There are 2 protein chains.
Amino acid sequence: MKIGVFDSGIGGLTVVKSLLEHQLFEQIIYFGDTARVPYGIKDKNTIIRYAIEAVEFFKNFELDLIVVACNTVSAYALEEMREHAPCPVIGVVEAGVLATSNKMPHKDSNILILGTKATINSKAYETQLRKLSFDNLQAKATGLFVSIVEEDIYNGSILDATFAHYFKDIKKPDAIILGCTHFPLISDALQEYFGEDVVLIHSGEAIVEHLEQLFAFSKKYDDPKLEFFASENPEALRGVAKRWLALR
Amino acid sequence: MKIGVFDSGIGGLTVVKSLLEHQLFEQIIYFGDTARVPYGIKDKNTIIRYAIEAVEFFKNFELDLIVVACNTVSAYALEEMREHAPCPVIGVVEAGVLATSNKMPHKDSNILILGTKATINSKAYETQLRKLSFDNLQAKATGLFVSIVEEDIYNGSILDATFAHYFKDIKKPDAIILGCTHFPLISDALQEYFGEDVVLIHSGEAIVEHLEQLFAFSKKYDDPKLEFFASENPEALRGVAKRWLALR
């Protein structure tokens, strides 16, 4: 199978990493819209327009599947992408919701959803979780985490102060949905802040789980063909990909 | 005179505020590229492309002058804008450099330049300050300030931790260039951190000073015509403009 992975920037590489670890695909084509990142502060209509443009780009390849690694796009533009795409389109939001449902047997578990302003405002996670009878929900837009992680800060006093700021009215949850591809990079700090017993839901792992439920993967590919595209500075994207994915 | 003010987003409204206070113009047309903000993390070539598109937009009006309120655009794309524009183009970087020179009589004064990653990497302020014989320079990319200000945080522990992080190797300067339109919003906190004797250079005030040197303004306009355009969500831009500029 040939898969396309779409993200607004480089964050979706955390999803590619999970896909590679599970050796599910013969070929992975990544597209990061690095010229227009971040999407998380943008309008619904703009996000939809950009998402449809990404589908058009992917039409250059004969893909079997498109994975939307960006939570904001998954929250706002999945239906529109499906209308335009010649193949199935799977998003991290639905995958994260299913992973939460799989990991949390009790419907009264308290689930804390973290994401960008756009993702949280969309209420996409909340709507889908409520359909699965999870009603004990907290949601918090934690957009500063993106900028902090992009400064290569993963712990320390800035993050501590930011946690105190964002979480002052948040009660301890049973699970946290890391509703932005950047957030797995501060999962250690979050785990330390909230406690080791809190379950963290990671988009990359959730999407692999979801795909394994949807498709019969008969073969393992230990050396898949990888291609990286970016709307700006593809060299920088490939550099990050090399480091994060430990490519040769 | 009819003036166009260009910024990557809403930050340039701090420059419009200064222009209004000094009542220099009959008509002010603001364009914020809110669909593609922030520019400060983008490539030189992308910034130039966007800046030229802004010039094309301003060709819809018969302007006498374009002011580039965005430091990143001023640092990277001023020459290219001038090539395409039918009127003079003035940027905040040259204005900030001249204001520094006017305010700091001693060439050995230590000047600290703060800005986005793109502005600092461009070395635009440093190059122009050195031409005026200022050689005692420090520069620091402080991009997190943008995200922090956009969360409406202007003081407190997050900002304190961020100051400690960014300024740990910075020695006390004589003047600080606020090389990003968002930074005047934390000038009180910066003044408190560095001390009351440190001179802060503000883009809006610098541009007014620069314009008054360049043009003979014979009339005052106490009720100029104001128009606000945005590439996304113009209602939001107009809302911020009303609040920041105290418009009726």
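How many residues of chain A are in contact with chain B? Select both chains and look where they meet: 18 residues of chain A are in contact with 18 residues of chain B (in contact means that the C-beta atoms, placed from the backbone, lie within 7 Å).

Before you go on, know that this is a predicted model, where local features need pLDDT of at least 70, side-chain atom pairs count only at pLDDT 80 or more, and totals for chains, interfaces and linings use all residues. Residues are numbered from 1 along each chain as its sequence is written, while chains are lettered from A and ligands numbered from 1 in the order in which they are written.

Now pick α8 (144–150) and α9 (157–166) of chain A, which each supply at least two residues of the side touching chain B (helices are DSSP runs of H or I, at least four residues, and strands are runs of E, at least two, numbered from the N terminus). α9(A) gives the most, with six residues.

Next, show both chains whole.

Last stop: colour chain A by domain, with domain 1 as 2–91 + 205–245 and domain 2 as 94–203 (bounds from an automatic or database domain assignment). Here 24 residues of domain 1 of chain A are in contact with 23 of domain 2 of chain A. Select α11 (203–214) of chain A: α11(A) gives the most to domain 1's side, with five residues.

Key: Contact = placed C-beta atoms within 7 Å.
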